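We will go from one selection to the next and look at what turns up at each stop.

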Amino acid sequence: MEKVFEDEFMDLQTALISLCLEVTEEKVNKVYVYCSNEKKSKMFNAFFDVNGEVKTLNQLGVSNELAFQFLKLGTEDLEKVDAICIKHNMPIPTEMKLYYDITSGNLLIDGVDIKNIAKLIIYITIFNISFE
């Protein structure tokens, strides 16, 4: 059975969070992900809460080589966002903000607590935010 848009999109967002947890070896409390996805420019980055302090990969002691690989993989995932949206005839987001609280397991997308992807679709449809 072919996955629907919501499943594929959520899988990709989960993969971005997993990438963050992998690079930090899950030694953080919260993950903040920011993606900019313009036509000719794509950017991915993440910041991490450790005991109430927001830190970068450099501040966490991640090697430059690993940090560059992390940023490259995250940015490459934005190409997958485009492909998923095109495949399902959905608008391509120009910006994504993800927040994941490791202790509670809550994922927030653009400030909306996502228990299921249907809420995200309703939110996007009503407010039409961050889309081309």
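## First stop: Tyr 32

Select Tyr 32, which counts as partly exposed because its relative accessibility is 28%; buried means under 20% relative accessible area, exposed over 50%, and partly exposed in between, with a 1.4 Å probe and protein chains only. Before going further, note that this is a predicted model, in which local features need pLDDT of at least 70, side-chain atom pairs count only at pLDDT 80 or more, and totals for chains, interfaces and linings use all residues. Residues are numbered from 1 along each chain as its sequence is written, and side-chain values use heavy atoms, with hydrogens and water left out.

How many aromatic pairs does a search of the whole structure find? The search gives three, where a pair is two rings of Phe, Tyr or Trp (its six-membered ring) with centres within 6.5 Å; planes under 30 degrees apart are called stacked, over 60 edge-to-face, and the rest tilted. Tyr 32 sits in strand β1 (residues 30-37) and Tyr 99 in strand β4 (residues 95-101), so the pair ties together parts that are 67 residues apart in sequence. Helices here are DSSP runs of H or I with at least four residues, strands are runs of E with at least two, and both are numbered from the N terminus.

## Across to strand β2

Now pick Asn 45 in strand β2. The C-alpha atoms of Asn 45 and Tyr 32 are separated by 8.5 Å, and the two residues are 13 apart along the chain. Asn 45 is in contact (heavy atoms within 4.5 Å) with Tyr 32, Val 33, Tyr 34 and Leu 71, leaving aside neighbours within four places in sequence. At 26% relative accessibility, Asn 45 counts as partly exposed.

Stay in strand β2 (residues 42-50) and select Asp 49. Apart from residues up to four places away in sequence, Asp 49 touches Val 28, Asn 29, Lys 30, Tyr 32 and Val 54. Asp 49 is buried yet has no salt bridge, and the nearest side chain of opposite charge, Lys 30, is 4.7 Å away. For charges, Lys and Arg count as positive and Asp and Glu as negative, while His and the chain ends are not counted.

## Salt bridges to click through

A salt bridge needs a side-chain nitrogen of Lys or Arg within 4 Å of a carboxyl oxygen of Asp or Glu, and the count comes to six.

- Select Asp 82 and Lys 42, whose side chains meet in a salt bridge at 2.8 Å, N to O. This pair links distant parts of the chain, with Asp 82 in helix α2 (residues 64-87) and Lys 42 in strand β2, 40 residues apart. Asp 82 is buried, at a relative accessible area of 13%.
- Move to Asp 77 and Lys 80, where the closest N and O atoms are 3.2 Å apart. Both lie in helix α2, three residues apart, about one turn of the helix.
- Glu 25 counts as exposed at 56% relative accessibility, and Lys 27 is exposed at 60%.

## Zooming out

Finally, show the whole protein chain, which has three helices and six strands. From the N terminus on, the order is α-β-β-β-α-β-β-β-α. Of the 132 residues, 39% count as buried.
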